[in-house]
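Subject: Structure handover

Hello,

The structure I mentioned is below, with the sequence. My notes on it follow; please read them with the model open.

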Amino acid sequence: MRFVFVVDPLDTLRSYKDTSVAMMRAAAARGHEIWTLPMEALFWSSRLGVCATTTRIHPVPEDDEACKKKNSENAGQSPWYKCVDEQTLPLAEFDAVLMRKDPPFDIEYVAATWLLERAEAEGARVFNSPRALRDHSEKFALAEFADLSVPTLVARVPVRLNEFIGAEGDTVLKPLDGMGGRGVFRVRHDDPNRNAIIETLTEFGRRNVMAQRFIPEITDGDKRILLIDGEIVPWCLARIPKAGETRGNLAAGGRGEVRELSASDHEIAARLAPVLAARGLFFVGLDVIGGYLTEINITSPTCMVEIKAATGYDAAARFIEALEKKCGAMQ
């Protein structure tokens, strides 16, 4: 099969831990062609349909010692791949299109979902579904499953946010379009910077933000649970904040610890898995803190590499197996 990945520039991917790279390696190991394209390469014309300038690559296997050495020396920006070919092709010519572009979820990301949805109409198979990507905010999507989470507010009017902070006493505020812990603040009712934080995050009432009751169990980790076409990966990565932090994100300095799913983790995942899969969300990362759902990640979920390193469970290979089955069923 021929798979094309919509990703950030290849030389910016940290190959030693990047989930998209793990997927490409797993697909290549199973004999599939790997093609890539940056989001800006997508275009539509009335004559050709939705196309892109795509690059075919051969990923260097992760056990290649020379590649490992270069990865450690160059922070993942080494040539972990070999370019084989470059062609401008209709997306419908590929067996699957994998949308793995990292946020921000801005107007250009939305435009990409329009293009990918049009590609679907022309016969392309796109994962995750572009409509589902557009319709499910990674933060706000939990509103549908509010009973699984802590008290939460989405608003941009400072007085409402202040009322929520006052009522809950200890809260977390975050932008709706952030990732990696960027722009996340813990705000207590007596915080002297409370108004300044609200003004900054909402841009003086012009942008909606999410406020949630602070969950003390964050000290035990912010768990990432993976779903592959409705199947629950039995291991999760708990991201534990460093001393003095309340953010467990690895990008914010958190430490990863792989664990088996707890009974409550599995209960949450089992509730969401069939619902999200039915909507075309083939690969999902749920964030759970202390038994509470906090986010539903669908743009470019990660943590496959860490799980494999700790347990041997190859989630990337399982993803490709499920993708093969899905593509075969859709033919």
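D229 lies in the loop between β12 and β13 (231-240). This is a predicted model, and the phi of D229 in it is near 50 degrees, a positive value in a residue that is not glycine. With a relative accessibility of 28%, D229 counts as partly exposed, because that class runs between the 20% limit for buried and the 50% limit for exposed.

C303 also has a positive phi without being a glycine, here near 95 degrees. C303 sits in the loop between β16 (292-297) and α8 (304-311). Its relative accessibility is 2%, so C303 counts as buried.

Two peptide bonds are worth a look as well. The one joining P103 and P104 is cis, with omega at about 25 degrees. P104 belongs to the loop between β6 (96-99) and α3 (107-121). The bond joining F127 and N128 is also cis, with omega at about -5 degrees; N128 is in the loop between β7 (126-127) and α4 (130-135). As background for these entries, most residues other than glycine have a negative phi, and most peptide bonds are trans.

Next, a lysine in a strand. K223 is part of β12 (residues 222-228). Is K223 buried or exposed? Its relative accessible area is 11%, so K223 is buried, the cut-off being under 20%. The K223 side chain makes a polar contact with the side chain of D265, at 2.9 Å. Apart from neighbours within four places in sequence, K223 touches C236, L237, A238 and R239, then R259, S262 and D265, and finally L286, D287 and V288.

Last, a helix pair. The axes of α5 (residues 158-168) and α6 (residues 194-202) come within 10 Å and cross at roughly 130 degrees. The crossing of α5 past α6 is right-handed. On the α5 side the contact is made by P158, L161, N162, I165 and G166, and on the α6 side by R194, N195, I198 and T202. By class, this contact has four nonpolar residues, four polar and one charged.

Regards

Conventions
Residues numbered from 1 in each chain as written. Predicted model: local features only at pLDDT ≥ 70, side-chain atom pairs only at ≥ 80, totals over all residues. Heavy atoms only, no water. Axes fitted to C-alpha atoms, helices over the stretch in contact; angles between N-to-C directions. Helix = DSSP H or I, 4+ residues; strand = E, 2+ residues; numbered from the N terminus. Left-handed = near helix turned anticlockwise from the far one by under 90°. Contact = heavy atoms within 4.5 Å. Nonpolar A, V, L, I, M, F, W, Y, C, P; charged D, E, K, R; others polar. Buried < 20%, exposed > 50% of the residue type's maximum accessible area, 1.4 Å probe, protein only. Polar contact = N/O pair within 3.5 Å; in protein donor to acceptor, adjacent residues only side chain to side chain.
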